[in-house]
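Biologist: Before we discuss the assignments one by one, could you show me the sequence together with the model, so that each term can be set against its criterion?

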Amino acid sequence: MEAENHTEVSEFLLLGFSDEPKLQPLLYGVFLSMYLFTVLGNLLIILAISSDPHLHTPMYFFLANLSLVDICLTSTTIPKMLVNIQAQSKHISYIECLIQVYFFMVFAGMDNFLLTVMAYDRYVAICQPLYYTVIMNPRFCGVLVLMSWLIISWDSLIHILLMRQLAFCVGTKIPHFFCELAQMLKVASSDTLINNIFLYVATGLLLVLPLTGILFSYSQIVSSLIRMSTGRGKYKAFSTCGSHLSVVSLFYGTSLGVYLSSAVTHSSVQNSVASVMYTVVAPMLNPFIYSLRNKDVKGALRRLFNLEASLP
C-alpha cells in the first residue's frame with residue numbers, strides 16, 4: 001500500500017464495533033439512547049443549578065461546567081458514529097478526524113481539570129471553612145475554569161500540529177469508533193517518536209499531577225474529619241464529598257481500565273468497548289450520581305419540574 005502524506009490522504013476508515021449487519025440496528029439504538037440520556041441528564045443539572053439561587057455557589061458552578069463538558073465530550077464522538085451506522089459507512093474525512101481528536105482531548109482534559117478543582121473546593125470548604133468565601137470567590141473560580149480551558153486547549157493544539165506532520169497510507173483503518181490520538185499514532189506510516197514523547201510528557205503533567213492534587217485534597221479532608229469531635233459533623237462534612245468521590249472513581253477507574261485493556265489485549269473491539277466506559281457511560285451516569293446522592297440537587301430538580309408544570 002502506498003504511503004501518502006496528510007495533504008493527499010482525504011479520509012480514514014473507522015472500524016467501529018462490528019461489521020455484522022444484524023447488530024447495526026442494536027448498536028444504533030443503544031448508543032442513541034445513551035447519548036440522549038447523557039444530554040438530557042446533564043442539561044437538567046445545568047438548568048437546575050442556573051435556576052436555583054441556593055445553588056449559586058462554587059461547588060455547583062464547577063458542577064454545571066462539568067455537565068456542560070460531559071455533553072460536549074459525548075457529542076464529539078457519538079453523533080458521527082450514529083451517522084456512519086445509519087449511512088452504513090465507515091468513512092471519516094481527514095479534517096473531521098483532526099477536529100475529533102482535538103475536541104475529544106480538550107473535553108476529556110477539562111473533565112480531569114474540573115474534577116481536580118472540585119476536590120480543591122471541598123478541601124477548602126472542610127479544612128478551611130472560615131476562609132472559604134474569601135478563597136473561593138467568584139473571580140477566583142472563574143480564573144480556575146478559564147486557566148483550565150487555556151491549558152488544555154493549547155496542549156491539544158500542539159498535539160494536532162504535531163499530528164499534521166505525520167504521513168498516513170491511503171485507506172488507513174482506525175481500529176476504534178472515533179479518532180483517538182493514541183490510535184492515530186499507531187496507524188501512522190511515518191516516525192512518531194516526537195509525538196509519543198510529547199504525549200507521554202503531557203499525560204504525565206496533565207493527568208498525574210491533577211490526580212495527585214485530588215489524592216492530596218482528600219488526604220487532608222480525611223485528616224480533618226478524624227479530628228472532628230462530633231459524628232454528625234463528620235457525616236455532614238463527608239456527605240458533601242460523596243458524589244464527587246463517586247464521579248472521580250468512575251472517571252479514573254474507567255480511564256485506567258482503558259489503559260490496561262489496550263496494554264493487555266490487541267483486540268480493537270475490546271479496546272473500543274473499554275473506551276465506551278469513560279467516553280459515554282461515565283458522562284451518562286454523572287447526573288444520576290449527583291441527583292441521587294445530593295439533597296440540594298434533588299430539591300432544585302423538584303423545584304424546576306414544579307416550575308415547568310405551573311407554566312401555562
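Biologist: Leaving aside its neighbours within four places in sequence, which residues is glutamine 24 in contact with?

Modeller: Glutamine 24 is in contact with Ser18, Asp19 and Ile85, where contact means heavy atoms within 4.5 Å. This is a predicted model, in which local features need pLDDT of at least 70 and side-chain atom pairs count only at pLDDT 80 or more, while totals for chains, interfaces and linings use all residues. Residues are numbered from 1 along each chain as its sequence is written, and side-chain values use heavy atoms, with hydrogens and water left out.

Biologist: Why is glutamine 24 called buried?

Modeller: The relative accessible area of glutamine 24 is 19%, and the term buried applies under 20%, exposed over 50% and partly exposed in between (1.4 Å probe, protein chains only); glutamine 24 therefore counts as buried. Its place is in helix 1 (residues 24-51), helices being DSSP runs of H or I with at least four residues and strands runs of E with at least two, numbered from the N terminus. The protein chain has ten helices and five strands, and 48% of its 312 residues count as buried.

Biologist: What makes glutamine 88 exposed rather than buried?

Modeller: Glutamine 88 has a relative accessible area of 77%, and it is therefore classed as exposed. This residue belongs to the loop between helix 2 (58-87) and strand 3 (91-93), and its phi is positive, at about 55°, although it is not a glycine.

Biologist: How do you know that leucine 98 and valine 101 are buried?

Modeller: Leucine 98 has a relative accessible area of 8% and is therefore buried, while valine 101, at 1% relative accessibility, is likewise counted as buried. Apart from neighbours within four places in sequence, leucine 98 touches Ile160, Met163 and Arg164, whereas the contacts of valine 101 are Ile160, Met163, Cys179, Glu180, Leu181 and Met184. The C-alpha atoms of valine 101 and histidine 159 are 9.0 Å apart, although 58 residues separate the two in sequence.

Biologist: Why is helix 5 called roughly antiparallel to helix 7?

Modeller: Helix 5 (residues 138-163) and helix 7 (residues 193-227) pack at an angle of about 165°, with their axes 10 Å apart. The axes are lines fitted to C-alpha atoms, for helices over the stretch in contact, and the angles run from 0 to 180 degrees between N-to-C directions. Angles under 35 degrees count as roughly parallel, over 145 as roughly antiparallel, 65 to 115 as roughly perpendicular and the rest as oblique, which is why helix 5 is roughly antiparallel to helix 7. Helix 5 contributes Ile151, Ile152, Asp155, Ile158, His159, Leu162 and Met163 to the contact, and helix 7 contributes Ile194, Asn195, Phe198, Leu199, Ala202 and Leu206.

Biologist: What makes strand 3 and strand 5 edge strands?

Modeller: Each of them, strand 3 and strand 5 (173-174), pairs on one side only, and two strands pair if DSSP finds at least two bridges between them. The sheet is open, with three strands in the order 3-2-5 and mixed pairing.
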